[in-house]
Amino acid sequence: MNELNAPLTFKQQPTTDAAAIAKRALKLACETLQIEADALLALQKRLGNGDAAGFTQAVSMLLACHGRVVVSGIGKSGHIARKIAATFASTGTPSFFVHPAEAAHGDLGMVTPQDVFIAISYSGEASELMSILPIIKRLGVKLIAMTGNPESSLGKLADIHLNLHVDKEACPLNLAPTASTTVTLALGDALAVAVLDARGFREEDFARSHPGGSLGRRLLTHVRDVMRVDDAIPQVGPETSLKTALLEITKKGMAMTAVVDEHQHVLGIFTDGDLRRLMDGTRDFTQLRIADVMNHAPRRIRPEQLAVEAVEVMETYRINQLLVADDSGKLVGALHIHDLTRAKVI
């Protein structure tokens, strides 16, 4: 067996006892969570004391940025940097990640003097980052450094330094970035949250960045986007016989029909539920007009309202259909709960 194919060896051979493995796994899990929780609490205390100025200055710098927020890091810091950039971008601050090695081979062309550059390196000495930062500085780009050592090369070069120091990593060998990456991620989230709050970022703004998600559908879908229109709307005049109205209900498949006047203004509604209640006390249906049995005060909604508001009305009044009318009371659409389900608003 050659050197490349030889199995890895450890000074301490791992146990094969299942119960012992499970016990140690749980012990390490709890220790990991405690170490990372302690690191976050230490960061919180620093922000409340000596590091507060650096954080607030960073927020002000990001708010004043007329370009984009460029986030960069290598290795595990690079993975965290990608997430921080994505969080900024989704919360109203144009941002992107640039890999420092790729930046050295052309991607620096994406960085402009109007940008703010966030460089992440726990040691503050990552050679890939340090090789591009002089160019960043010559461009006049503002530099925020996130390191675990304020006296590092990166810490001294930055306009603003944010301290990521942790007493120890959660890794039993104190080598793999664990507590330090957790702190980095949390501090990036804290920056993004502070900036979005200062910008007055709202749910509607978030939805515009997430049109494909459930929140986007709930906040961006209007009644007019999902309502049935024109010939798909079941509707009859007030003098229509009940028999003819029932045929309209069956034909349009909405389990109801609107009742409108000659100008399309809503007069009432008749539903399957109304029919069942009518059948309990009426034997002769042949002489009934729809105006005699309709509900004169139907629930309605305007086309410009959010579809989620239609859901709330339906749930509140335990109904499955809504008439859609404009401000003058003219019928412009009809909405069934199945329409909202198909649009994934529900």
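The model is predicted, so local features need pLDDT of at least 70, side-chain atom pairs count only at pLDDT 80 or more, and totals for chains, interfaces and linings use all residues. Residues are numbered from 1 along each chain as its sequence is written, and side-chain values use heavy atoms, with hydrogens and water left out.

Start with strand β10, residues 321-325. Helices (H or I, at least four residues) and strands (E, at least two) are DSSP runs, numbered from the N terminus. Is β10 mostly covered or mostly open? It is mostly covered: 5 of its 5 residues are buried. Buried means under 20% relative accessible area, exposed means over 50%, and partly exposed lies in between (1.4 Å probe, protein chains only). In a regular strand the side chains alternate between the two faces of the sheet. Here Gln321, Leu323 and Ala325 point one way from β10, while Leu322 and Val324 point the other way.

Strand β10 has two partners to look at. Two strands pair if DSSP finds at least two bridges between them. Strand β9 (residues 300-301) runs parallel to β10, joined by 2 bridges. Arg300 stands opposite Leu323 in β10. From β9 the chain passes through helix α14 (residues 307-317) to β10, a right-handed β-α-β crossover. Right-handed means that, with the strands pointing away from the viewer, the path from the first strand over the helix to the second runs clockwise. Strand β11 (residues 331-336) pairs with β10 in the antiparallel sense, over 5 bridges. Ala325 faces Leu331 in β11. These two strands form a hairpin with 5 residues between them. In that turn, Gly329 has a positive phi of about 90°.

Now turn to the cores. In soluble globular proteins, nonpolar side chains tend to be buried together. A nonpolar core is a set of buried Ala, Val, Leu, Ile, Met, Phe, Trp, Tyr and Cys residues joined through side-chain atoms within 4.5 Å. The largest one has 33 residues. Leu62, Phe88, Ile118, Ile144, Leu162 and Leu191 touch the most other members. Helix α7 (179-199) is one of the elements that give two or more residues to this core. Another core, of 18 residues, lies apart from it, and its members include Val70 and Leu143.

Phe88 also belongs to helix α3, where it is one of the buried residues. At 1.5 Å times one less than its number of residues, the 15 residues of α3 should span 21 Å; the end C-alpha atoms are 22 Å apart, which agrees. Just after α3, Gly92 takes a positive phi of about 95°.

Finally, look at charge. A salt bridge is a side-chain nitrogen of Lys or Arg within 4 Å of a carboxyl oxygen of Asp or Glu. The whole structure has 12 of them. One joins Arg68 and Asp115, at 3.2 Å from N to O. Arg68 lies in the loop between α2 and β1 and Asp115 in the loop between α4 and β3, so the pair ties together parts that are 47 residues apart in sequence. Arg68 is partly exposed at 28%, whereas Asp115 is buried at 1%. Asp339 and Arg342 form another salt bridge, with the closest N and O atoms 2.5 Å apart. They sit 3 residues apart in helix α15 (residues 337-342), so about one helical turn separates them. Salt bridges that share partners join Arg228, Asp339 and Arg342 into one network.
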